[in-house]
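Subject: Structure handover

Hello,

Here is the structure I promised you. Please open it first, then read my notes below.

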Amino acid sequence: MAFVYAEDYLPQLEKYLTGQNIEQNQTDSKSQPTQEVASYEKQSENMMRLIGDHSEQLIGMLGEPDRIDSSAYGYDWWIYKKNRQTYAQVGVENNQVVSVYVIGSKTNTDPFEIGEKREEVEKRVSLSSELTLQKDGNEYRFRLSEEDMKMRPIIKYGDVYVQLYFDQFLNTISSIRIMDMDTLLKQRPYEIVYRGELPTAPSLTSEEWKSVQEGEEQQIIDITNVIRDRFQLSPLAWDEATAGVAYLHSKEMSDLNYFSHVSPAQGDLGNRLQKGDVVYRIAGENIASNYQDGIAAVEGWLNSEGHRKALLNKEFTRLGVGVYEKYYTQNFITPMNE
């Protein structure tokens, strides 16, 4: 079975599921997922107000990050993941906060709230299909498609820009991304027309791309497990061998300029897992391309019925993620012995 989804201006997604009763594929886990046992109160620090803060202020509010990942846009992601209910990523560039991503349900994002109904949001703010920015004599206009408006509208809120990712199946806020103007212009998540000079993301060396890719792979499993926790599903353990298979598929799609579950050289998911010595009972795959980062790819998968079923499949126990530049692959498995 295959499901294909493509957006007019940017991203592409595809999902594939396969299962065998007695044959094929598994691996050892890199790390077992942790279970949450404590109930957390709503976070007191308002994440909406972090943009522009110095990194020392950030540490004073949230503490040292659990991990620091590179991004493709000149800033580092400070990852706060001690508890899935307060999971957040804070983008820091030159010791200043330039972006914030929040998905944890106990995170303070006042005046918005994770899980809030869209109809309640629209009572307070106007969601427009156009957003105009002006800076240093330059003018930029983002144009949002109908799909953008449903899944990821954006608003100007004070001096920052707030992207609201909606779960269109529940019609609620799934996560929130806050950015300063330069970060928004570098990422360009929507169709843009402009007059003047357009800020660009830095050119990356192969080693810099490797660092970005490794960080996004970890972010994708982190965010996937936050979403699964939201639906009372067990977290997925990282599977190193399966991640290797996923990475090779993302790289090959980029190298050969195609987008499909079926590799012209390596075959379908079952073939690729077998060649990677991954023995499984059931397996599934989500792929995506041309999203600005792994965060956006996961939110895209969540809003596509086929991909959502893979993300929220209670039978899967392990996940391998492979990112190569702007190509993203999730390979889900359940080993024969689980």
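Start with threonine 183, which lies in helix 4 (residues 181-187). Helices (H or I, at least four residues) and strands (E, at least two) are DSSP runs, numbered from the N terminus. Threonine 183 is buried, with a relative accessible area of 3%. Buried means under 20% relative accessible area, exposed over 50%, and partly exposed in between (1.4 Å probe, protein chains only). Leaving aside neighbours within four places in sequence, threonine 183 is in contact with Tyr75, Val98 and Ser99. Contact means heavy atoms within 4.5 Å.

Before you go on, two notes on the source. This is a predicted model: local features need pLDDT of at least 70, side-chain atom pairs count only at pLDDT 80 or more, and totals for chains, interfaces and linings use all residues. Residues are numbered from 1 along each chain as its sequence is written, and side-chain values use heavy atoms, with hydrogens and water left out.

Now the whole chain. It has 9 helices and 17 strands. Of its 338 residues, 55% are buried. Take the contacts with a separation of 6 or more: 66% of them come from residues 24 or more positions apart.

Two more residues to look up:

- Glutamate 146 is in helix 3 (residues 146-151). Is it buried or exposed? Glutamate 146 is exposed, because its relative accessible area is 61%. Serine 129 is 17 residues from glutamate 146 in sequence, and the two are 7.9 Å apart in space, C-alpha to C-alpha.
- Asparagine 138 lies in strand 9 (residues 138-143). It counts as buried, at 15% relative accessibility. Not counting residues up to four places away in sequence, asparagine 138 touches Leu133, Arg195, Gly196 and Glu197.

Next, the cores. In soluble globular proteins, nonpolar side chains tend to be buried together. A nonpolar core is a set of buried Ala, Val, Leu, Ile, Met, Phe, Trp, Tyr and Cys residues joined through side-chain atoms within 4.5 Å. The largest one here has 40 residues. Val90, Leu133 and Phe142 are among those with the most contacts inside it. Strand 11 (residues 160-167) gives the most to this core, with 5 residues. A second, separate core of 39 residues includes Tyr75, Tyr291, Trp301 and Phe316.

On a 1 Å grid over the protein atoms alone, a cavity is a set of points where a 1.4 Å probe fits but cannot get out, and a pocket is an open set with protein on both sides within 12 Å along at least five of seven lines; lining residues have an atom within 4 Å of a point. Grid points are joined across faces, edges and corners, and a volume is the space filled by probe spheres set on the points.

The second largest pocket has a volume of about 280 Å³. It is lined by 17 residues, and the closest to its centre are Lys210, Gln213, Glu214, Glu217 and Tyr247. Helix 5 gives the most to this lining, with 7 residues.

How many cavities of 30 Å³ or more does a search of the whole structure find? There are 2. The second largest cavity has a volume of about 30 Å³. Its lining includes Tyr75, Trp77, Glu216 and Asp293.

Best wishes
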